[in-house]
Amino acid sequence: IADTPGHEQYTRNMATGASTCQLAVILIDARYGMQTQTRRHSFIASLLGIKHIIVAINKMDLMDFSEQVFNDIRKAYSEFARELEIEDIHFVPMSALNGDNVVNRSENMSWYQGSTMMELLENIEIGKDANTEDARFPVQYVNRPNLNFRGYCGTLSAGILKPGDEITVLPSGRESKVKALVTYDGELDHAVPGESITVTLQDEVDVSRGDMIVHRDHQPHVSSRFKAMVVWMTEQPLVANKQFNIKVGVSDSTGVMTQIDHQIDVNTLAHNVVTELKLNEIGLCEFSLNKPVVFDAYKRNRTTGAFIIIDRLTNVTIGAGMITEAISGITNDTATSTDITAFEVELNALIRKHFPHWDAKDISDLLK
């Protein structure tokens, strides 16, 4: 359970808390109705892929338990939520002070026939949210205790994996079949998302930490360039073409943000043209890495579509990103294309050094 403050300077806290949650409770004061922070938190919850929202309209005792007040707030929130991609919204009128509609149904609001807060928390179905179609197994560790055993350890982030499944190891593209799924308690006949397992393969293929094992017929993107929504988390603003360490899943690389498509006003959802992202700001950015990485769009898989940006000097996490799409143009199927991307990063740095008056668009146009 994460409890995050509503103030704008805590946007990064809200994003961090929401990144591992399946459900958000948006708390509204019945006296004031929809506030700026209501919109901000709802947008961030939507951005972070939370599909279930409980809108808790609290302090109804101070509004004489008015049904009209509840209906007005519900209508205002529903109209705002149409702009967001939230699939499941529940409204509950409450007085936390006296316990009205918290655990037990309120006698003061007999007009409300819905579930109490506790009933909603206990019964909202989140099990179907997991992606069971696309098998995604990021390799965290290669287990080689002796000459007779080679296993690949990690947590299955999506899909169902079974012995006999035809798989591809990315980014290399080598193919094999699953031989066994090993755990401390014995072998499994199948694994589901969230399970920590050791996978053994039928063939001796080269698999390293940072690789991903996927089903042969459901493959993710393999690219060194992508667009992503970024939440910036440090005082020093995010600017184009500065080198960072970037961690996508369990894969480490270096790279640059090449341009900011737009910054999003989290209060109004307006798109603003900017050249940098400041602390707690969110924007759609383009990235170029020094090597191809394996990823899905964040909306399809919250684990393989997320990444963090790390300062190369301090090793502090300074940004979090949700990948929206791969950028076409330069592919990463061969060593040559990887070299091109690495060259691109170096050229970026040289241009910035010798032509500081050029903006990100000029550099991007030249590279294209």
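Trainee: Which strand holds histidine 215?
Mentor: Keep in mind that we are looking at a predicted model. Leaving aside neighbours within four places in sequence, histidine 215 is in contact with residues including Glu133, Ala135 and Ile160. As for its own place, histidine 215 lies in strand β11.

Trainee: Is histidine 215 buried or exposed?
Mentor: The cut-off for buried is under 20% relative accessible area. Histidine 215 has a relative accessible area of 13%, so histidine 215 is buried.

Trainee: With which side chain does the side chain of histidine 215 make a polar contact?
Mentor: Its contacts beyond four places in sequence include Leu161, Asp165, Glu166 and Ile167. The polar contact, at 2.9 Å, is made with the side chain of aspartate 165.

Trainee: Which residue of β11 is the bridge partner of arginine 136?
Mentor: Strand β4, residues 136-138, and strand β11, residues 212-215, run antiparallel and are joined by three bridges. Within β11, the partner of arginine 136 is valine 214.

Trainee: And which residue stands opposite valine 214 on the β7 side?
Mentor: Strand β7 covers residues 166-170 and is joined to β11 by four bridges, again antiparallel. The residue opposite valine 214 is threonine 168.

Trainee: How many of the five residues of β7 are buried?
Mentor: Besides its bridges to β11, β7 pairs with strand β8, residues 174-183, in the antiparallel sense over four bridges. The strand is largely enclosed by the rest of the structure, because the number of buried residues in β7 is four.

Trainee: Is the peptide bond from leucine 170 to proline 171 cis or trans?
Mentor: Most peptide bonds are trans. Proline 171 is placed in the loop between β7 and β8. The bond from leucine 170 to proline 171 has omega near 10 degrees, and it is cis.

Trainee: Where does asparagine 241, with its positive phi, lie?
Mentor: Most residues other than glycine have a negative phi. Asparagine 241 has a positive phi of about 70 degrees although it is not a glycine, and at 9% relative accessible area asparagine 241 is buried. It lies in the loop between β13 and β14.

Trainee: What is the relative accessibility of leucine 269?
Mentor: Leucine 269 also has a positive phi, near 70 degrees. Its place is in the loop between β15 and β16. Leucine 269 counts as buried, with a relative accessibility of 16%.

Trainee: Which element gives the most to the largest nonpolar core?
Mentor: That core has 49 residues, and those with the most contacts inside it are Phe43, Leu48, Ile53, Tyr77, Val92 and Ile282. The element that gives the most, with six residues, is α3.

Trainee: What is the C-alpha separation of isoleucine 54 and isoleucine 26?
Mentor: Isoleucine 54 is placed in strand β2 and is buried, with a relative accessible area of 0%. Beyond four places in sequence, isoleucine 54 touches residues including Leu23, Ile26, Val92 and Met117. Isoleucine 54 and isoleucine 26 are 28 residues apart along the chain, and their C-alpha atoms are separated by 6.1 Å.

Definitions and conventions: Residues numbered from 1 in each chain as written. Predicted model: local features only at pLDDT ≥ 70, side-chain atom pairs only at ≥ 80, totals over all residues. Heavy atoms only, no water. Pairing = 2+ DSSP bridges. Helix = DSSP H or I, 4+ residues; strand = E, 2+ residues; numbered from the N terminus. Buried < 20%, exposed > 50% of the residue type's maximum accessible area, 1.4 Å probe, protein only. Polar contact = N/O pair within 3.5 Å; in protein donor to acceptor, adjacent residues only side chain to side chain. Contact = heavy atoms within 4.5 Å. Core = buried A, V, L, I, M, F, W, Y, C linked by side-chain atoms within 4.5 Å.
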